Amino acid sequence: MLNEEIMPLLKARLGISTDVRDKLLKALIDGIISECKNTYGIELDEWPEHIMFVLDWATWKYQHPEDGTTPRSIQYRLKNMIIQKECRNDESDLG
């Protein structure tokens with residue numbers, strides 16, 4: 001599962017070596033995956049670019065609990081995934 005792959009990477013990136021914050025980190029990861037699916041229609045897989053996207057967004061969310069504007073790099077990658085999804089849908093409609 002995607003969450004299981006991202007959790008140790010997120011903890012390493014944040015310098016967390018205990019399990020104390022695991023519930024919070026899992027909620028961040030699950031929330032991002034759910035938002036991508038339910039809001040944008042993007043099914044995230046265990047592809048390296050999806051793992052890095054969720055890792056980067058979860059890191060930012062953890063470090064900015066007050067939320068605010070999502071960094072442009074994350075916004076740009078999300079928009080690219082939406083476009084790719086739409087292109088795949090258009091291709092499947094043609095064939």
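Colleague: What is the relative accessible area of Lys61?
Modeller: This is a predicted model, where local features need pLDDT of at least 70, side-chain atom pairs count only at pLDDT 80 or more, and totals for chains, interfaces and linings use all residues. Residues are numbered from 1 along each chain as its sequence is written, and side-chain values use heavy atoms, with hydrogens and water left out. Buried means under 20% relative accessible area, exposed means over 50% and partly exposed lies in between (1.4 Å probe, protein chains only). Lys61 counts as partly exposed because its relative accessible area is 21%.

Colleague: Which helix holds Lys61?
Modeller: Helices here are DSSP runs of H or I with at least four residues, strands are runs of E with at least two, and both are numbered from the N terminus. By that numbering, Lys61 is found in helix 3.

Colleague: How far apart in space are Lys61 and Leu2, C-alpha to C-alpha?
Modeller: Along the sequence, Lys61 and Leu2 are 59 residues apart. In space, their C-alpha atoms are separated by 18 Å.

Colleague: Let's step back to the whole chain: what pattern does it follow along the sequence?
Modeller: The chain has four helices and zero strands. Its C-alpha trace spans about 50 × 30 × 20 Å along the principal axes. Read along the sequence, the pattern is α-α-α-α.

Colleague: Which helix has the highest mean pLDDT?
Modeller: pLDDT is the predictor's confidence in each residue, from 0 to 100. The chain averages 92, and 95% of the residues score at least 70. Among the elements, helix 4 (residues 72-94) has the lowest mean, 85. The highest, 97, belongs to helix 2 (residues 22-40).

Colleague: What share of the 95 residues is buried?
Modeller: Remember the cut-off for a buried residue from your opening question. With it, the buried share of the 95 residues in the chain is 32%.

Colleague: How many salt bridges does the structure hold?
Modeller: A salt bridge is a side-chain nitrogen of Lys or Arg within 4 Å of a carboxyl oxygen of Asp or Glu. Some of them join up, and Lys11, Asp19 and Asp22 are linked in a network. The count for the structure is seven.

Colleague: Which residue forms a salt bridge with Arg13?
Modeller: The closest N and O atoms of this pair are 2.7 Å apart. Arg13 lies in helix 1 (residues 2-14) and its partner in helix 3, so the bridge ties together parts that are 43 residues apart in sequence. Arg13 is partly exposed, because its relative accessible area is 39%. The partner is Asp56.

Colleague: How far apart are the closest N and O atoms of Lys26 and Asp30?
Modeller: Both residues lie in helix 2, four residues apart, which is about one turn of the helix. Lys26 is partly exposed at 39% relative accessibility, and Asp30 is partly exposed too, at 31%. Their salt bridge has its closest N and O atoms at a distance of 2.6 Å.

Colleague: Which residue is the salt-bridge partner of Lys37?
Modeller: Lys37 is partly exposed, since its relative accessibility is 45%. The closest N and O atoms of the pair are 3.9 Å apart. The partner is Glu43, which is partly exposed at 48%. That gives the name you asked for: Glu43.

Colleague: Where is Ser34 found?
Modeller: Ser34 counts as partly exposed, because its relative accessibility is 33%. Its C-alpha atom is 9.3 Å from that of Leu44, 10 residues apart along the chain. Ser34 is found in helix 2.

Colleague: Which loop holds Glu66?
Modeller: Glu66 counts as exposed, because its relative accessibility is 58%. Glu66 and Asp90 are 24 residues apart in sequence and 38 Å apart in space, C-alpha to C-alpha. The loop of Glu66 is the one between helix 3 and helix 4.
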